[in-house]
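Let's learn to read a protein model together, one feature at a time. Have a look first, then we'll talk.

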Amino acid sequence: RVASTNGGLFLSGKFDQLKQSTPFSAIANAFNEYCNIISQNVSLNLTTVMASKLQAALGQEAFHLVKVIPNLRKILGNNIESNDLIDTQ
């Protein structure tokens, strides 16, 4: 659930006892839903600005966040890479 009023934002997520092994699953679920709402309801220009600011703020961590918040990829795009993927052969 997402509620917005007077410039504020309230996100909620449900703790699923069966997903106890996934840390912060309720928070990740709430942000995943929020990213989905943003990607569907925000203009392309604003989404581009948001993606640029998020990429600058998150840097390489965006790769790891997309694993937990899949809908973040809808905002950031598909060009998220990880520098951890170094060939160790």
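This is a predicted model: local features need pLDDT of at least 70, side-chain atom pairs count only at pLDDT 80 or more; totals for chains, interfaces and linings use all residues.

Q: What span is expected for α1, and what does it reach?
A: The expected span of a helix is 1.5 Å times one less than its number of residues. With 17 residues, α1 reaches 24 Å from first C-alpha to last, close to the expected 24 Å. Then there's α2: 15 residues reaching 20 Å, close to the 21 Å expected.

Q: What share of the residues counts as buried?
A: Buried means under 20% relative accessible area, exposed means over 50%, and partly exposed is in between (1.4 Å probe, protein chains only). Of the 89 residues in this protein, 22% count as buried.

Q: Is F24 buried or exposed?
A: F24 counts as exposed because its relative accessibility is 64%. You'll find F24 in the loop between β2 (8-11) and α1 (25-41). D16 lies in the loop between β2 and α1 too, but D16 counts as partly exposed, because its relative accessibility is 31%. The C-alpha atoms of D16 and A26 are 7.4 Å apart, though these residues sit ten residues apart along the chain.

Q: Which residues does N32 touch, beyond its neighbours in sequence?
A: Contact means heavy atoms within 4.5 Å. Leaving aside neighbours within four places in sequence, N32 is in contact with I69, P70 and N71. N32 is part of helix α1, and N32 counts as buried because its relative accessible area is 17%. Other buried residues of α1 include S25, A26 and C35. The buried residues of α1 pack against β2, α2, α3 (61-68) and α4 (72-76).

Q: What about T47: buried or exposed?
A: T47 is buried, because its relative accessible area is 10%. T47 is in helix α2 (residues 44-58) and touches V42 and I75, not counting residues up to four places away in sequence.

Q: Which residues make up the largest nonpolar core?
A: In soluble globular proteins, nonpolar side chains tend to be buried together. A nonpolar core is a set of buried Ala, Val, Leu, Ile, Met, Phe, Trp, Tyr and Cys residues joined through side-chain atoms within 4.5 Å. The largest one here has twelve residues: A28, C35, I38, A51, A62, F63, V66, I69, L72, I75, L76 and I80. At least two residues of this core come from each of α1, α3 and α4. As for I80, its contacts, not counting residues up to four places away in sequence, are Q55, A62, F63, V66 and R73.

Definitions and conventions. Residues are numbered from 1 along each chain as its sequence is written. Side-chain values use heavy atoms; hydrogens and water are left out. Helices (H or I, at least four residues) and strands (E, at least two) are DSSP runs, numbered from the N terminus.
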